[in-house]
Amino acid sequence: MTTDGAPQESAAAADHEAYADLGATTENAMDIATTSMDRVRELVPDETLADRIRQKSVHATGDPEFQHLVRLTGTHDDEPVVAGARAVLDERPIVTDITMVKAGITGRGHDCGVHKAIGNGTELARETGMTRTAASVLELDRDGVYEDSIAVVGNAPTAALALADCIEDGTRPAVVVATPVGFVKAEESRQRLRAVAAEYGVPAITNVGRRGGSGLAAGLTNELVHVASDARNGEIDLP
């Protein structure tokens with residue numbers, strides 16, 4: 001160690017960079033996180049992979065009743081979770097609608113590229129008058145970005161509607177996580193996305209009602225990463 005302590009500071013900075021996205025890193029924080037999840041498991045069943053998604057929805061919203069608002073579209077409730085975990089293991093891209101959702105995706109436990117749609121499709125939005133998020137989704141889909149991806153919509157109902165159109169036109173994400181929030185088109189967009197996903201065999205995780213949001217979408221996506229990590233470590237078997 002040098003007398004000015006520079007190597008120690010460098011190591012500390014490296015540790016912070018490596019663990020910053022975990023949230024709970026100190027002993028006190030880990031105790032809080034563990035206690036929080038223990039309390040969630042007292043309120044939500046802990047028997048299936050689908051239960052893990054319901055638990056995460058309660059943890060993300062702070063509302064035990066939210067477990068009853070989650071909808072899992074597939075041949076059985078576990079299918080979207082298995083599909084999402086396998087997509088993580090296959091290092092498929094994670095594509096979010098907006099920056100806030102992208103920021104909430106953990107950087108650990110996976111080697112998936114994480115992309116955001118917003119920022120694309122500017123010209124299309126200008127020409128058509130559609131929202132920037134809808135145009136962004138359509139622009140990325142034209143480039144094949146959503147094929148076999150983990151498609152995540154956490155904020156914009158119009159992005160969910162655009163994604164439903166893409167699926168209807170032939171795009172097949174590996175899994176969809178969609179929790180757009182609001183009073184205008186939010187619930188309707190999720191209804192349409194569920195219907196299209198069911199019709200074309202695309203596994204999906206959504207919710208009913210007006211609530212949702214970026215934090216919830218990121219949390220549910222992170223749970224897919226955690227399921228994949230548990231499978232990779234041999235702690236669970238994916239069916």
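Which side chain meets arginine 142 in a salt bridge? The side chain of glutamate 139 does, at 3.9 Å from N to O. A salt bridge here means a side-chain nitrogen of Lys or Arg within 4 Å of a carboxyl oxygen of Asp or Glu. Both residues sit in helix H7 (residues 132–142), three residues apart, about one turn of the helix.

A quick word on what you're looking at: this is a predicted model, where local features need pLDDT of at least 70, side-chain atom pairs count only at pLDDT 80 or more, and totals for chains, interfaces and linings use all residues. Residues are numbered from 1 along each chain as its sequence is written, and side-chain values use heavy atoms, leaving out hydrogens and water.

Now step back to the whole chain. You'll find 10 helices and six strands; these are DSSP runs numbered from the N terminus, with helices (H or I) of at least four residues and strands (E) of at least two. Of the 239 residues, 46% are buried, meaning under 20% relative accessible area, while exposed is over 50% and partly exposed lies in between (1.4 Å probe, protein chains only).

Next, another salt bridge. Aspartate 51 pairs with arginine 54, and their closest N and O atoms are 3.0 Å apart. Both belong to helix H3. Aspartate 51 counts as buried because its relative accessibility is 6%, and arginine 54 counts as buried at 16%. Elsewhere, salt bridges that share partners link Arg52, Lys56, Glu223 and Asp230 into one network.
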